[in-house]
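Subject: Structure handover

Hello,

Here is the structure you are taking over. Please open it alongside this message, as the notes below follow the chain through its sheets, a ligand and a few single residues.

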Amino acid sequence: MKILLVEDSRAMAAVMSVRLASFGYEVSVAENGEVAVARFAEVAPDLVLMDIEMPVMNGFEATARIRAIEATQDWAWTPILFLTASNTQENLITAIEAGGDDFIVKSVPEAVLQAKMKAMARIAALRKRLSVANRLLREQASRDGLTGLCNRRHMDLTLDLAWSEARSSGAPFALLMLDIDHFKKYNDYYGHLAGDDCLRTVAQTLASVVDRCNSERLTDGAFAARYGGEEFAVLMPQASAQAYERVAHGVIEAVRSLGIRHERNADWGVVTTSVGGAFVPAANDELMHVFRAADERLYAAKAAGRNRAVL
Ligand code: GH3
Ligand code: MG
Ligand code: MG
Ligand code: MG
Ligand code: MG
């Protein structure tokens with residue numbers, strides 16, 4: 001357990017540090033409230049031991065600042081234990097009101113200190129588990145279970161944001177809609193499990209084309225999502241027209257050259273995809289119109305024989 005000890009008296013800090021280290025805790029010392037707030041963000045302690053009277057910034061003020069930092073994070077609540085000179089009812093009430101969890105007197109007996117630290121360690125451990133669980137849940141809520149790509153919910157949220165940013169800055173904006181060709185026939189012929197494998201492979205291929213464009217700096221922050229059953233969307237904020245075309249043609253070629261056999265795809269014999277795109281040089285329209293344009297071009301790509309992009 002990492003402990004941030006906030007104490008202006010060097011002698012007291014030294015005594016406490018030794019005691020805490022002897023319990024096996026890792027201690028870092030801040031000499032006033034202001035240093036403590038900065039150190040808190042740096043070391044992310046599991047527990048704070050906070051003196052009250054200190055120069056520059058006292059313990060109550062530092063606690064209020066730490067609680068304000070935590071208010072912006074999920075499930076963040078680092079136990080803060082005040083160190084007081086005297087064991088009075090008034091001290092306890094003030095400490096709790098200020099955002100502390102408990103207080104101990106500086107002359108506390110060894111065994112009491114150790115017991116209180118144990119109780120605080122339990123709070124710290126619980127908080128950590130909650131924040132890990134919360135992170136996992138959030139992560140899962142924005143992912144598609146089959147392909148691991150972002151899901152539609154996440155894409156819709158991101159699209160709205162990216163679109164309003166593009167509108168206010170007048171930046172270019174591009175959207176691709178991709179659909180696997182004759183996928184119903186693929187399922188009918190090879191079975192749904194093979195269909196699922198195929199979906200995963202196409203999704204990974206799409207993601208790697210997009211990732212490559214990001215890492216070659218052709219695009220910045222472009223990402224793919226599973227938009228519906230066998231439909232995918234690619235959002236390319238601030239992409240150039242060349243980047244937009246390159247991703248569209250790149251993914252069609254990458255999927256075709258996987259060479260996944262598809263007997264019932266009469267024209268191509270392997271799994272292929274069709275893409276419809278919309279490139280807006282300076283965003284000013286309604287996002288719905290951008291979608292409609294991409295969707296119409298996707299139909300046009302299907303009608304023109306599939307395995308192609310209409311941009
Ligand atoms: P087109 O070339 O015109 O796009 O024809 P298509 O057969 O691909 O289009 P259609 O919309 O008729 O069929 C889509 C199929 O995708 C139907 C559905 O069973 C399949 N599908 C959707 N989601 C999944 C999935 O999660 N797993 C599997 N195996 N199949 C899926
Ligand atoms: Mg002091
Ligand atoms: Mg479809
Ligand atoms: Mg369809
Ligand atoms: Mg299809």
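Two strands are said to pair if DSSP finds at least two bridges between them. Helices (H or I, at least four residues) and strands (E, at least two) are DSSP runs, numbered from the N terminus. This is a predicted model, in which local features need pLDDT of at least 70 and side-chain atom pairs count only at pLDDT 80 or more, while totals for chains, interfaces and linings use all residues. Residues are numbered from 1 along each chain as its sequence is written, and chains are lettered from A and ligands numbered from 1 in the order in which they are written.

**The parallel sheet**

As background, strands of a sheet pair through backbone hydrogen bonds, either parallel or antiparallel.

One open sheet has five strands in the order 2-1-3-4-5, with parallel pairing. Strand 2 (26-30) and strand 5 (102-105) each have a single partner strand, so one side of each is left without a neighbour in the sheet. From one strand to the next, the twist averages 25 degrees. Axes here are lines fitted to C-alpha atoms, for helices over the stretch in contact, and angles run from 0 to 180 degrees between N-to-C directions.

Strand 1 pairs with strand 2 in the parallel sense over five bridges, and V6 has A30 of strand 2 as a bridge partner. Between these two strands the chain passes through helix 1 (residues 10-22), and this β-α-β crossover is right-handed. Right-handed means that, with the strands pointing away from the viewer, the path from the first strand over the helix to the second runs clockwise. Strand 1 also pairs with strand 3, in the parallel sense and over four bridges. There the bridge partner of V6 is M50.

Is strand 1 mostly covered or mostly open? Four of its five residues are buried. A residue is buried if 20 or more other C-beta atoms lie within 10 Å of its own, exposed if 12 or fewer, and partly exposed in between, with C-beta atoms placed from the backbone.

At the other end of the strand order, strand 4 (residues 80-84) and strand 5 are parallel and share four bridges. L81 has D102 as its bridge partner, and L83 stands opposite I104. Strand 4, helix 4 (residues 89-97) and strand 5 form a right-handed β-α-β unit.

Helix 5 (residues 110-141) lies across strand 3, strand 4 and strand 5, at about 160 degrees to strand 5. Contact between two residues means that their C-beta atoms, placed from the backbone, lie within 7 Å.

**The mixed sheet**

Another open sheet of five strands has the order 7-8-6-9-10 and mixed pairing. Its edge strands, strand 7 (223-228) and strand 10 (309-310), each pair on one side only. Strand 7 and strand 8 (residues 231-237) run antiparallel and are joined by five bridges; A225 has A233 of strand 8 as its bridge partner. Helix 8 packs on this sheet, touching strand 6, strand 7, strand 8 and strand 9 (273-280), and its direction makes about 150 degrees with that of strand 7. Helix 10 also packs on the sheet, touching strand 6, strand 9 and strand 10, at about 145 degrees to strand 9.

**Ligand 1**

Which residues are closest to ligand 1? They are D181, F183, K184, G195 and G229, in a shell of 17 residues. Strand 6 (173-180), helix 7 (183-190) and helix 8 (192-215) each give two or more residues to this shell. A residue is near the ligand if its C-beta atom, placed from the backbone, lies within 6 Å of it. The shell divides into four nonpolar, five polar and eight charged residues. Ala, Val, Leu, Ile, Met, Phe, Trp, Tyr, Cys and Pro count as nonpolar, Asp, Glu, Lys and Arg as charged, and the others, Gly among them, as polar.

**Single residues**

Most residues other than glycine have a negative phi. A44, in the loop between helix 2 and strand 3, has a positive phi near 45 degrees. A44 is exposed, because 11 other C-beta atoms lie within 10 Å. V56, in the loop between strand 3 and helix 3 (59-71), has a positive phi near 70 degrees. V56 has 13 C-beta neighbours inside 10 Å, so V56 counts as partly exposed.

D295 is in helix 10 (residues 287-303). Leaving aside neighbours within four places in sequence, D295 is in contact with M177 and G276.

Regards
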